[in-house]
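I opened this entry to keep a record of what I looked up, element by element, in the structure shown below. My notes follow the order in which I went through it.

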Amino acid sequence: MSAALLSSSLELGLIYGLVAIGVYLSFRVIDFCDLAADGSIATGACVCAVALKAGWGPIAALMASTLSGAICGIIPAFLNQQLKISQLLSGILTAFILYSINLKITGGLPNIALLDEASIFERGSPLLILGIIYSGVALILAYLLITRWGLRLRSIGQNPKLATRYGVRRASMVFIALSLSHAVIGLSGGLLCQLQGFADVSMGIGTVILGLVAIVLTEALIRTKNMALTLLCLGVGAILFRILIAVALTGDRFGIQASDLNLITGVMIIALLGFKTLKSKFSEKSC
Amino acid sequence: MLILNDICVQFQQGKPSLELDKLCIKEGYCTAIIGTNGAGKSTLFNVISGDLSPQRGSVALNEKEISTFSSKQKSKTFSTVVQDPRQGTFENLSIFENMAFAAARGERSNIKSIFKKFQKRLFAEKLSILGMGLEDRLNARVGSLSGGQRQALSLIMATLQTPKVLLLDEPTAALDPAMAIRVMDIVQKLTKELNLITLMITHNLEHAAHYAEDILVMNAGIIEKRITKKVSALDLAASLHQLAA
């Protein structure tokens, strides 16, 4: 594996580590099966590209991506909490709607290429910059989870009935958590746009799965139920996944092509989850 | 003092699910509610906690109507312990986190860390009442505790921010006899120490006879009998049998 490939895997791993943090907040922390990340990452990227084209600075463009992601998060929360549409359908509908909204943002263009526009990665090593951003976001969110507010947030995912009995307002917590989740995903969309130099309205397809694979890998590696610690380590799972993919695709070693990426990803998740189930079944039998 | 006045709850056309003229319950007493399934025990609980609004009548705590309470006030005033110990705790959180969550009931949430030394001491002190050694296992996951330990923990959590009314819905139904007695001893102790209005639905007539100073015998939505003197479990069984007949 070449140094350039390793470096690119690490960079993409850190960006998808942020996606994993967003997905973790909804899927694990508040137990909300939200599939809208496929749309909100593209929204983050499109908003970033349009902002850069309009002459905004790279940091301001990233802030706009984050804000646009946070707004995207309100949609599935509203559909589920106010209109009582199921979690899965709320997420799917949001991703579906966001495709058209993203086209509106880009002015009807399927993609926007960044040519001479400024990028945050011009200021130093992309790996270092992404490392700082990832660590900052992960540390802030991990700290939030161990505060009184974070405890209430976790309570609605663990035992919603008990949480309500103790005066926690589930609806407002879902709104805030999904906004936070998609804000992080929107930020990762902006970073992806600035790193790759383009934004595409359909660049989000499969984002939730990529986030989930990082979560499953991290949980298999660190084996803890401590949410704050898991959240801090999600980047490790995302980087490991990127490296595995890079190794698999390098030099036709295993006869795997780039088009097989989704197949490999899917099989990897099935293997990890299936192994967990088979292992617990086996240990039950041996008892 | 909790006062229920002229209450009527009717879910469907026909006989009301709950109907009572006047019921006063004093602080510092444990009141047991016994009766067959469908007697109206849970309906009475839900009316008292404000989760169910009766079609007629009022519930007042210290002369203040419960229907006027905000959800925050309600959660601060009423504490419930349910039959299933898994429902009364957060199994993937540590004992400390469960306690910290309960300690913040009815208060504003903030973004200060929950890990504070003084709180650890306070929680350990509260848990030591149980005599189960939980005070030395503050970082243990609640999922690793036995059913009895979890039920005892849920009881401590329910009374950590002293409520005015403690509602116990068959709190010992899922416990073995020895653990059930231990939990009931704690209920009795907390009721006296914290001067709580404790109401307990139970099918365990021995517990009702031994621990409650006041027993409400319910049947078909009404309180058929109120027993305020010491009786035996056999007397209670006879009363229930008489009603069923």
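I began with helix H1 (residues 3-29) of chain A and asked whether its length fits its residue count: at 1.5 Å a residue its 27 residues should span 39 Å, and I found its end C-alpha atoms 36 Å apart, which agrees. I keep in mind throughout that this is a predicted model. Along H1(A) I noted a kink of about 30 degrees, which is centred on A:Val23. How much of the helix is covered? I counted 19 of the 27 residues of H1(A) as buried, and I therefore wrote it down as mostly covered, a residue being called buried if 20 or more other C-beta atoms lie within 10 Å of its own. After H1(A) comes A:Asp31, and its phi is positive, near 55 degrees.

Next I looked up the largest nonpolar core, which has 152 residues. Those with the most contacts inside this core are A:Ala20, A:Ile21, A:Tyr24, A:Ala45, A:Cys48, A:Ala214 and A:Leu231. I found that H1(A) gives the most to the core, with 13 residues. I then took A:Ala214 and listed what it touches, leaving out residues up to four places away in sequence: A:Tyr16, A:Gly17, A:Ala20, A:Leu234, A:Gly237, A:Ala238 and A:Phe241.

I turned to where the two chains meet. Here 24 residues of chain B are in contact with 17 residues of chain A. Which elements of chain B give two or more residues to the side that touches chain A? I found helix H2 (71-77) and helix H3 (95-103) of chain B, and H3(B) supplies the largest share of that side, 4 residues.

I stayed with H3(B) and checked how far it is enclosed. Because 8 of its 9 residues are buried, I describe H3(B) as largely enclosed by the rest of the structure. The buried residues of H3(B) are B:Ile95, B:Phe96, B:Glu97, B:Asn98, B:Met99, B:Ala100, B:Phe101 and B:Ala102. What covers them includes helix H6 (148-158) of chain A, together with helix H4 (117-128) and H5 of chain B.

B:Lys189 belongs to helix H6 of chain B. Is B:Lys189 buried or exposed? I found 11 other C-beta atoms within 10 Å of B:Lys189, and it is therefore exposed.

Strand S1 (residues 2-9) and strand S2 (residues 18-25) of chain B pair in the antiparallel sense over 7 bridges, with B:Val9 opposite B:Leu18 in S2(B). S1(B) is also joined to S4(B) by 5 bridges, again antiparallel, and there B:Asn5 has B:Ser58 as its bridge partner.

My last entry is on backbone angles. Most residues other than glycine have a negative phi. B:Asn62 has a positive phi of about 50 degrees although it is not a glycine; it lies in the loop between strand S4 (56-61) and strand S5 (64-65) of chain B, and with 11 other C-beta atoms within 10 Å it is exposed. B:Asn195, also not a glycine, has a positive phi of about 55 degrees. I placed B:Asn195 in the loop between H6 and S8 of chain B, and with 13 other C-beta atoms within 10 Å it is partly exposed.

Terms used
Residues are numbered from 1 along each chain as its sequence is written. Chains are lettered from A and ligands numbered from 1 in the order in which they are written. This is a predicted model: local features need pLDDT of at least 70, side-chain atom pairs count only at pLDDT 80 or more; totals for chains, interfaces and linings use all residues. A residue is buried if 20 or more other C-beta atoms lie within 10 Å of its own, exposed if 12 or fewer, and partly exposed in between; C-beta atoms are placed from the backbone. The expected span of a helix is 1.5 Å times one less than its number of residues. The bend at a residue is the angle between axes fitted to the seven residues ending there and the seven starting there. A nonpolar core is a set of buried Ala, Val, Leu, Ile, Met, Phe, Trp, Tyr and Cys residues joined through C-beta atoms within 7 Å. Two residues are in contact if their C-beta atoms, placed from the backbone, lie within 7 Å. Two strands pair if DSSP finds at least two bridges between them.
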